[in-house]
Structures are given as C-alpha cells and as structure tokens.
Amino acid sequence: MKKLKVKYILCGVAMSMLVGCSAATGGDGAQAPERAGTEQTDAASLKQAGLGGLALLYDDSVWTYDESRGSDSSLAFTAQDGSLLGISCSREGFYQHPLDMINVSRQLSAGYTNFEDVEEPVQVMVQDDEWYEWIYQYEENGVKTMALQRFYGKNYYAYTISYIAEEKSFEANRSEALKVMNSAVMSVPDNEEAEKKAQEFLAGEWDLGDAGYLVMRDDGTYTWYMDSSKDEKNMHKGTYGGDVRNDALGFEEGKGLYFVLFPEVLYTDGEEGKTSGVKYDYGVSLEQNGDGSYDMINANTFAMYSMLRMD
C-alpha cells in the first residue's frame, strides 16, 4: 500500500507538457530556481527543503526526508506511522489555476474504491500567496485512507503539497503536515514581459461571429458577450493572461499568440452563475485572413473561431 501511495503523491497533478521545475524555463526566458534539496536552518532546529520556486521548513523529528523517492520534480517525507508528505512541481503547457488542478486530481482519484470528498476545496493564504486546500478519502487494498492536498498555480507552474495517511492515523500528524504547508514561501518566475507583448495585440474589441463579442482590456480584465449588442444579461467576465509563444500550441513568437480566460461570473438571462470551467485556453494564429480576421482555437475543445478586431 505504501508503494502505491508514494507513486500517487509523486505523480502530482497529471497534465500536458510536464517538465521538472529545476530545469524549467518560463515563457520570458527566466530560469526557475534550482532544486535546493534540504539543509539545516537555525529556525527552531527545523530543516529547510526546496523544490523549484518553493521553499519550506520541516521538523526532522517528525518527517524523514527520503531522497530515494524523490526526483527533479518531487520530494517525499515519511512519518513513523507510515504517513506521507509529498511535494511536486511542474511547468505545464498552459497557464494554471489551482481549482483546475484539483479537478484533474479528482478525476485521477475517482478511480479509487469509495472515493469521496471530505471537505470541498477552499482558498487559503500562505505567506501572502493564494493556495487551494482539498481533503478527500478513499480505500486502497481495503484500507481507508485520507488525503489533504494544497495546490498553487502561477502562469505555467503547478505546485502540489500532499499529506496522505490511513484514516486511523490521519489526525496524528495532520497538524505537523499543516505546519510544513504553512511555511511554504514561493518565488516562481513571472511571465511579465511576454504578457505585456501579448496584451498589446489582444486588448480591444473582437467580433467572434456566432460565438459572440469579446472585449479584452488593458487592465487584464475581459467580458465575453453572447452577441455584439453587448447585453450584460448574457455574458461572462473575469481576467485574462497571455503569451507571445506557446510550445504546446506550436507557436513561436510572431507566428501565434496564446491567451487564457479566468472567468469569475456568468450571466444568463440576467441570472448570475458560474461557467463550467475555471479557465479556458486559446490559441490565435497571426496569419491574417482575407477579411482581416484571425483564426482562434479553443485548446481544450478544439472549437474554431474567427476573430475580427472592431476597435
């Protein structure tokens, strides 16, 4: 059972374009910090561990660092009762959102016997950074098991910290696991330069034909109306990000753009709700069509759009 648990922790969240954080480079060319490993600190005799742009503290009288179970993109610790603490990171093909990462993790976990949520995902602030925490349980080889996971996403980078233990011993080290999680300090590379370049092209009003009317603003917000009348009773809005190149889409700078929408609210016939997803990824070919429009593709569904600048 322990072997399966370790494998699950170190797999982290399975998404496209997985690259170890210690060797990853951001879209702006900035290199992620090298894996720090572990080293003694003076803070209450705690030890420091680092992975990519994450650094945290742990008590080695509770957690034993197991280098044999780690890799360039993961760290593993064990407690005396067999409980596991795992940290994983990756650089993905598209921008990340913790709730989307949780959705993927839920799909993977649903294959376990008697899988169910214990606590729904909630936002938690750790050292001024936004994480999402989720607790669930399942059975493995007939043993009831519980997992507490935290997820962090920034541009292409995805981080997961997982505490997994048998149900009977879950509470014994829960507080110790949370101490480690609450010590996490992030220094993930940004993608600011490429973001600005992409925004220079994207900011404006776009006619998407039957798909509606998309307004993208200089402040990083957007509104997608269901038609060109800009009726606020039928639209969704939120924030967006972008890049002037994207390997997953096969776009080099000058050939295409990548952008992602993070919807915050949806209105249908004036009724407030939420979109089915927490993020939507798109690619835009910069080869202009005869009518001045650009081809746009939803990278998740492969739906095609024609976008024509109207401002």
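**Sheet and cores of a predicted model**

Trainee: Which residues touch the most other members in the largest nonpolar core?
Mentor: This is a predicted model, where local features need pLDDT of at least 70, side-chain atom pairs count only at pLDDT 80 or more, and totals for chains, interfaces and linings use all residues. Residues are numbered from 1 along each chain as its sequence is written, and side-chain values use heavy atoms, without hydrogens and water. A nonpolar core is a set of buried (under 20% relative accessible area, 1.4 Å probe, protein chains only) Ala, Val, Leu, Ile, Met, Phe, Trp, Tyr and Cys residues joined through side-chain atoms within 4.5 Å. Of 32 members, those touching the most others are Trp 63, Leu 85, Trp 131, Tyr 159, Ile 161 and Tyr 163.

Trainee: Which strand gives the most to this core?
Mentor: Strands are DSSP runs of E, at least two residues, numbered from the N terminus. With five residues, the top contributor is S10.

Trainee: What is the bridge partner of Phe 77 in S6?
Mentor: S5 (residues 74–78) and S6 (residues 84–91) run antiparallel, joined by five bridges. In S6, Phe 77 has as its partner Leu 85.

Trainee: How many residues does the second, separate core have?
Mentor: Its members include Ala 203, Met 216, Leu 257 and Val 284. The size of this second core is 23 residues.

Conventions
Pairing = 2+ DSSP bridges. Helix = DSSP H or I, 4+ residues; strand = E, 2+ residues; numbered from the N terminus. Buried < 20%, exposed > 50% of the residue type's maximum accessible area, 1.4 Å probe, protein only.
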